[in-house]
Amino acid sequence: QGLYEQAKPLYERSLEIRKKALGEDHPDVAGSLNNLAGLQRAQGLDTQARPLFERAIKIFEKALGRRTSRRRSPRRSTTSPGC
């Protein structure tokens with residue numbers, strides 16, 4: 001738990017830097033939101049993580065198009081080796 005607490009301010013700082021440098025709706029900002037949400041989810045803070053995930057998705061969809069944002073999520077093929 002202690003490492004998560006140390007990491008959170010760094011994720012938040014990265015997010016703020018990207019917002020300032022790139023604008024609120026840049027895909028890199030969405031990436032930072034996604035990272036922060038993942039950190040919160042790993043801590044069991046799903047209710048705090050969900051709005052961040054949702055905001056990231058909206059940014060990705062706006063910037064890249066709805067179909068593209070769905071393809072960005074990693075999916076494992078059932079025909080690939082090792083399945």
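The questions below concern a predicted model.

Me: What span does helix α1 reach from its first C-alpha to its last?
Reply: Helix α1 covers residues 2-22, which is 21 residues. At 1.5 Å a residue, 30 Å is expected. The model comes close to that, at 31 Å.

Me: Is Val29 buried or exposed?
Reply: Val29 lies in helix α2, residues 27-42. Beyond four places away in sequence, Val29 touches Leu15, Arg18, Lys19, Gly23, Glu24 and Ile59. Its relative accessible area is 0%, and buried means under 20%. Val29 is therefore buried.

Me: How many Å separate the C-alpha atoms of Val29 and Ile59?
Reply: Val29 and Ile59 touch. They are 30 residues apart along the chain. Their C-alpha atoms are separated by 8.2 Å.

Me: Are α2 and α3 roughly parallel or antiparallel?
Reply: α3 spans residues 46-64, and its axis is 8 Å from that of α2. The two pack at about 160°. Angles over 145 degrees count as roughly antiparallel. So α2 and α3 are roughly antiparallel.

Me: How many residues in the contact of α2 with α3 are nonpolar?
Reply: On the α2 side, the contact includes Val29, Leu33, Leu36 and Arg41. Five residues of the contact are polar and three are charged. The nonpolar ones number 13.

Technical notes:
Residues numbered from 1 in each chain as written. Predicted model: local features only at pLDDT ≥ 70, side-chain atom pairs only at ≥ 80, totals over all residues. Heavy atoms only, no water. Helix = DSSP H or I, 4+ residues; strand = E, 2+ residues; numbered from the N terminus. Expected span 1.5 Å × (residues − 1). Buried < 20%, exposed > 50% of the residue type's maximum accessible area, 1.4 Å probe, protein only. Contact = heavy atoms within 4.5 Å. Axes fitted to C-alpha atoms, helices over the stretch in contact; angles between N-to-C directions. Parallel < 35°, antiparallel > 145°, perpendicular 65-115°, else oblique. Nonpolar A, V, L, I, M, F, W, Y, C, P; charged D, E, K, R; others polar.
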